[in-house]
Amino acid sequence: MRERVCGAVVALVVSGVMVSLLADEFPYPPDTERSTAEPLSAEETAATAKLPPGFRLEVFAAEPEVCNPIAMATDGRGRLWVAENFTWAGNGLGVWDDTLRDRLVVLADTDGDGRHDERTVFWDQGTRLTSVAIGLGGVWVIDLPQVLFIPDANDDLVPDGPPVVVLDGFDQESVGHTPANGLTWGPDGWLWGRHGIQGTSRIGPPGSADSQRVQINTGIWRYHPGRRVVEKVIDGMTNSWGTDFDSHGETFVINTVIGHLWHAVYGSHVERMYGTDLEPHVYDLIPQVADHVHWQTGEAWSDVRDGISDGTSAAGGGHAHIGLMIYQGARWPEAYQGGVLALNLHGRRINHDRLAAKGVGYTASHGDDLCFLADTFFRGMDLVAAPDGNVFIADWSDTGECHDHDGVLRSTGRIYKLMYGDEPQGDTPQLAADNSAALRQHLFAANQWWSRAAVREWQARSMRGGDLGSDVAWLRQQAAEAADPLHRLRAVWALAAIGDGLDPPFLLERLADSDPFVRAWGVRLLVDEVRRGGPQPTAEVEAALVAMAADDLAPPVQLHLASAVTRLEADAAWRLAEGLASSDAFAADDRFGQLVWYGLAPLVGSDPDRASRLAASAQLPSLRRSLARRLAGLVEEHPGAAAAVLMAAVDADAAARHELIHGFADGLRGWRKATPPPGYASLSRELAAAGDEAVRSRVRELDILFGEGLGIEEVRRIATDGSAPAEARCEAIAAFAASMPGDGAAVLQGMLSDRSVIAAALRGLARYDDPATPEAAVSRLGVFAPADRRALVDLLATRPAYAAALLDAVAAGRIARDEISAFHARQIAGFGDPPLTDRLVSLWGAVRQSDADRREMIDRLREQLTAETLAAADRSHGRGLFARDCASCHVLYGEGRSLGPDLTGSNRGNLDYLLENVVDPSASVGEGFRAVTFLLTDGRSLTGVISGSDERTLTIRTATDTLVLDRREIDEQTVQQTSLMPDGMLASYAEADVRDLIAYLMSSEQVPLPAGRTAAASE
């Protein structure tokens, strides 16, 4: 058994290592890890690492000198600072334990042998410590709910005073395992950070008014220490835990579950795992830049105890990535230079991706992975560059994942150093003592570590008020004249960090540089302090940017001009966007048009006529589509602009017409009725004549909405034409039902024997409160396919009278008890009708359980579901249960619907994790998974999560469907403090069914479906 001594309340002296602990104050951090397994020793882990030729893994530090390393950073002397987090308790044990404390330790290798020989505890008063960065006379940490600066001006590793609060307002209660993290210095002096998806923060300097704060619920932010301002960079992703910058200063971020690599360009809105973007009109979100994922979606993701499938291993090892570094150390082989390195948690390796230009941005392809670890306790947390061109790796050393339902092993932790070759590490850095000549030499070093450290030192001297006149003059000369464009870039970054020497005339000269990245940085720095509603560029700068938009088609220039649209006030933003949209050079790159759109979206309502003109002329399809969509939503306030979009569609080529009409129709989805724009009837006829069938179908939808044109009669004809294609009929039935004709219920009831459209007819009938509907539907059950039966139960669970008929059918044996899901049961109970609820309980079972009931069930199932019991399970039957009851919300092995979290990569091998989440799904629920109950004006009740919204509509995702609701149809809207996944999922299961489902969920590979079953549909 290992000796658990990390954090002991005594001073330690181990092998000559200097240790300072506050013996009477630092609380002993207990282990709560339930597993009796043991990690390999640090030396065994390093010795058994599988590496490419020439590489070796060394133990830089291990327990007891370092434990629970959550983040790392190096300082100007090359020392390694490690943030040790003991307060994380795991989701199953209260998330945080604030009776403990976190700390910063400093590790130094003074003899250059690749292992530390000095250790100092710098600070041990942390609570919920997630990250650390060093520079500018002290230490910067995220210690939730704040960013703190701990001064140490003389660099003696003793704080000069108490921490200073730099930023506050970070959510620390609802974030769970997705807290704010990742302080990282950007190349030009900004301090970057990340924010996870489960909570929403409003961050700003202490005392900031709410209007001055930055609202963020998942994405990237940055803080300027000189100007003391914070800004949001991008919205989206899941829980990012790694940031770095390439040789051109472009920002890349690693992520989990939904894709792993994003290019963080200011103003972007990127894909997110769940929830809604904070801006209502962003519409399409930007996907990751990588052209691959690191798992085989049709096979198992990694299982931390049982290993991973060959397919997932070949793809990269799994979905969970922690730590990112773009290698720029000049020591490793050329194949790794500029490569993206990311720690893969389940695969216990370092993924290696290669960046390449694509459109205005990048793509990333999968290179050969490196550094495979055999220790099943290896949990890589961070990667940072070392001064010698090698790489430090932090290992949390534990079982489980970030969810940690099995407790936390606080007594272990390791720092490894991944090294190449036998060359000595070189001089020990002493940047604080270096003169200007040395800093200038460091700036252009092949190893980027030295260049970044030099910039940080210049920035520190500037903030202390030092005289940098000669350095600034030299940097300006290098920015203008250095032969190597990368050297010119580094000089520009140094000037930006110093905060002197980058006046607008000098930056305008950079716009004429021969290198497109230097020109792009000229653009970026010219608008660096520009904010919509705040400072704006001079007329000369504005004119230069607008001219570049049309004339300079270099990808990085176009990209950052598009980003600048978001910063500019209305007229300048429109003129810049018009220039960017005038060329079709990057029409195939939807990310480009989307980025332009994000800047324009808040402006359309104030100038719809200008927006309609740009919709007609834009050469960027995604921009054209978004403009049309937004203008459609303004049809009642600005009918002339909406009509202009439709007129533009009449005159456009086929591709543009398709974009404009589909965008326009999407903007009105969910509306019940609207006043038509001027001349609509004529425009409808022209569009129907000019367009293809896809365009005509969308025009018919508009005809019904506006009550004009030929669409209403045509839709009825197609819906009732038994010889028409089933797909066309289903679309027509949906449009017909939305128009709510007086005879609609009778017409739809008449279709309930027509096998090809039964489900569509049942969904249409949901709009009608017609007492004849339940019996009309139930009486035809004999011809219903399984999908039709599910649609019937969905329908009957939406109204109290219909629900009574549903329970009658169950009592009569016409509908099976298990066809009512827990979702349906909760919705029926939500009507608040005691007799109806009592009948539901008698026929189906209890809908809600008390905390004691849930705990009793978890304990009972833990005892029942032994390894032997699970080994005897019918996992194929379990897959069938999953397809029936779970796949409408969850994806497993690439099958299902992503309403809730994708389960493939979760900690499914852990029985405690599964039971906690299945039996008590509301114990820890992110905002994006909270159930919302809607009572509609037509009498229906619906429960789902909100996935999109604007001024007129809400998009909700239920357990079975995605619906767009007109806000005028909503009588009541109640946000539940519970998960969309209801309690009681297992209450109606037989004991064997529980065994089979849990065994399937714990499986490390896909199993066949039962005979006669089909796979769940995927989104």
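Predicted model: local features only at pLDDT ≥ 70, side-chain atom pairs only at ≥ 80, totals over all residues.
Mentor: Residues are numbered from 1 along each chain as its sequence is written, and side-chain values use heavy atoms, with hydrogens and water left out.

Trainee: Why is helix 25 called roughly parallel to helix 27?

Mentor: Helix 25 (residues 800-811) and helix 27 (residues 834-843) pack at about 30°, with axes 11 Å apart. Angles under 35 degrees count as roughly parallel, over 145 as roughly antiparallel, 65 to 115 as roughly perpendicular and the rest as oblique. Therefore helix 25 is roughly parallel to helix 27. The axes are lines fitted to C-alpha atoms, for helices over the stretch in contact, and angles run from 0 to 180 degrees between N-to-C directions. Helices here are DSSP runs (H or I, at least four residues), as are strands (E, at least two), numbered from the N terminus.

Trainee: Which residues of helix 25 and helix 27 meet?

Mentor: Contact means heavy atoms within 4.5 Å. Pro800, Ala803, Ala804, Leu807, Asp808 and Ala811 in helix 25 meet Leu836, Arg839, Leu840 and Leu843 in helix 27. By class, this contact has 8 nonpolar, no polar and 2 charged residues. Ala, Val, Leu, Ile, Met, Phe, Trp, Tyr, Cys and Pro count as nonpolar, Asp, Glu, Lys and Arg as charged, and the others, Gly among them, as polar.

Trainee: What makes a space a cavity?

Mentor: On a 1 Å grid over the protein atoms alone, a cavity is a set of points where a 1.4 Å probe fits but cannot get out, and lining residues have an atom within 4 Å of a point. The structure has 6 cavities of 30 Å³ or more.

Trainee: What lines the largest cavity?

Mentor: Of its 19 lining residues, Arg222, Tyr266, Arg524, His560 and Arg567 are the closest to the centre. Helix 8 gives the largest share, 4 residues. The lining has 10 nonpolar, 3 polar and 6 charged residues.

Trainee: Which element gives the largest share to the lining of the second largest cavity?

Mentor: Helix 12 does, with 3 residues. That cavity has a volume of about 140 Å³.

Technical notes: 1 Å grid on protein atoms, 1.4 Å probe; cavity = no way out; pocket = protein on both sides within 12 Å on 5 of 7 lines; lining within 4 Å. Points joined across faces, edges and corners; volume = space filled by probe spheres on them.
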